[in-house]
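Please keep the sequence and the structure in view while reading.

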Amino acid sequence: MNRSEYLILGGGTIGCSLAYQLSARKKRVTVLERNDTAAGAAGASGSLVGIWGYEEGPEFDFVKASVGMVPELVKELDVPVGFRQKPYLQCISNESEMHIAETLLKKYVFDDVQAEIVDIKEALKYEPAINPHMKGAILVRDMNYLDPIELAFGFRKKALELGAEFVNEAEVTGLIFEGERCVGAKTPKGDFYADAVILSAGAWSPQIAAMAGITLPVKPFRSEMMITEPTGPLVNGEIGSCTLEAVWYYPELIKDERILKYKMSFALEQTDTGTCIIHGTREDAGYDVVASPSVLELLLKTGYEIVPALRELKIIRTFCGLRPVSSDNLPYIGPVLQVPGFFLCTGHGASGITMSAGTGRAMSELLIDGKSRIADLTAFSPARIFK
């Protein structure tokens, strides 16, 4: 019989982080993955990891704790995860966006968050590729960056070294119960049993939750990505647009209906190989992962306005990923009291990479010790599904 102490359903960044933390405490762990690690949201994510853009409250507290773990975590994993610390600029192209920027600063600058509006002359000192006709930018001086794919595999590699088992191409086809208690999962690779079953399947979590009789309010939001041909140094950290948070929290400030429809901002970063990654959409498009030409066109149009040098670069690849977004934009972390033995660790939306370190630690503490020590998980409790 395939039996472990903890059975994790989903081998993305969150699932791998949890597997690492449980294995580090000498627990027997099995991870079931429908495809392969980083084949989902992690493979279509940006690299920003920071506390900017979260309003005051439990989510910010959790993100702060998670981000604070990053430097030590990088040492623990002892594999290249693309960790660096660079400034981040959100560009302001007109007076309407200046109003958005001023509103964002009033909302998000508190505690240890340091951000300011700078004029274009100052912004160009950090990112010379920005269009000099921009009005200015929000400057976040201290931002962390992690390669999302390398991070996911870093968690997995360390968990494997500590004894965890990973089973790829093991899509969950059913859950196994003894009475009311969930004790395992069925897959094409066989049946797997455990003392606790943790759902961490990202955008595919609702289908598995339904097997336990739970209607999980998580929707897949499509993130579209473009990769350019390699070029010389163009971007130092990440260049974005200041519509990012406004799309979610201040839609009344957005004038272009297409930006609201696609929940679109703009983000540009550059890899060590010289290719540039263009992204920034979060479209409610179900499970369709075929790139939309109209969305890509709008994303490029925005990019050309902010970084004119992009016009000279060829797009060599486009692809999509699905982000698991909950109805209240908060993840679900904790036990499902209505289904003994069944736990949720999913619904992180666009914050999966940022919250991955803290989620793995907090969930492992909850499972082993009965309570998270790094942060209060009350706001993330699955109990709110049943209210």
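## Terms and basis

Helices (H or I, at least four residues) and strands (E, at least two) are DSSP runs, numbered from the N terminus. The expected span of a helix is 1.5 Å times one less than its number of residues.

This is a predicted model, in which local features need pLDDT of at least 70 and side-chain atom pairs count only at pLDDT 80 or more, while totals for chains, interfaces and linings use all residues. Residues are numbered from 1 along each chain as its sequence is written, and side-chain values use heavy atoms, with hydrogens and water left out.

## Helix H11

Helix H11 covers residues 352–369, 18 residues in total. From its first C-alpha to its last, H11 reaches 24 Å, close to the 26 Å expected at 1.5 Å a residue. H11 bends by about 35 degrees at Gly-358; the bend at a residue is the angle between axes fitted to the seven residues ending there and the seven starting there.

Of the 18 residues in H11, 15 are buried, where buried means under 20% relative accessible area, exposed over 50%, and partly exposed in between (1.4 Å probe, protein chains only). Just after H11, Gly-370 takes a positive phi of about 90 degrees.

## Strand S11 and its partners

Strand S11 (residues 218–228) is largely enclosed by the rest of the structure, because 10 of its 11 residues are buried. Two strands pair if DSSP finds at least two bridges between them. S11 is joined to strand S16 (residues 315–326) by 11 bridges, and the two run antiparallel. In this pairing, Ser-223 stands opposite Gly-321.

S11 also pairs in the antiparallel sense with strand S15 (residues 283–284) over 2 bridges, and here Phe-221 stands opposite Asp-284. With strand S14 (residues 276–279), S11 is again antiparallel and joined by 2 bridges; Ile-227 stands opposite Ile-277.

## Cysteines

How many disulfides does the structure hold? The structure holds 0 disulfides, a disulfide being a pair of cysteine sulfur atoms within 2.5 Å. The sulfur of Cys-242 has its closest cysteine sulfur in Cys-91, 8.5 Å away, which is too far for a bond. For Cys-276 the closest cysteine sulfur is also in Cys-91, at 14 Å, again too far for a bond. Cys-242 is buried, with a relative accessible area of 0%, and Cys-276 counts as buried at 0%.

## Met-98

Met-98 lies in helix H4 (residues 95–108) and is buried, with a relative accessible area of 17%. Not counting residues up to four places away in sequence, Met-98 touches Ile-92, Ile-117 and Lys-135, where contact means heavy atoms within 4.5 Å. Met-98 and Lys-135 are 37 residues apart along the chain, and their C-alpha atoms are separated by 7.6 Å.
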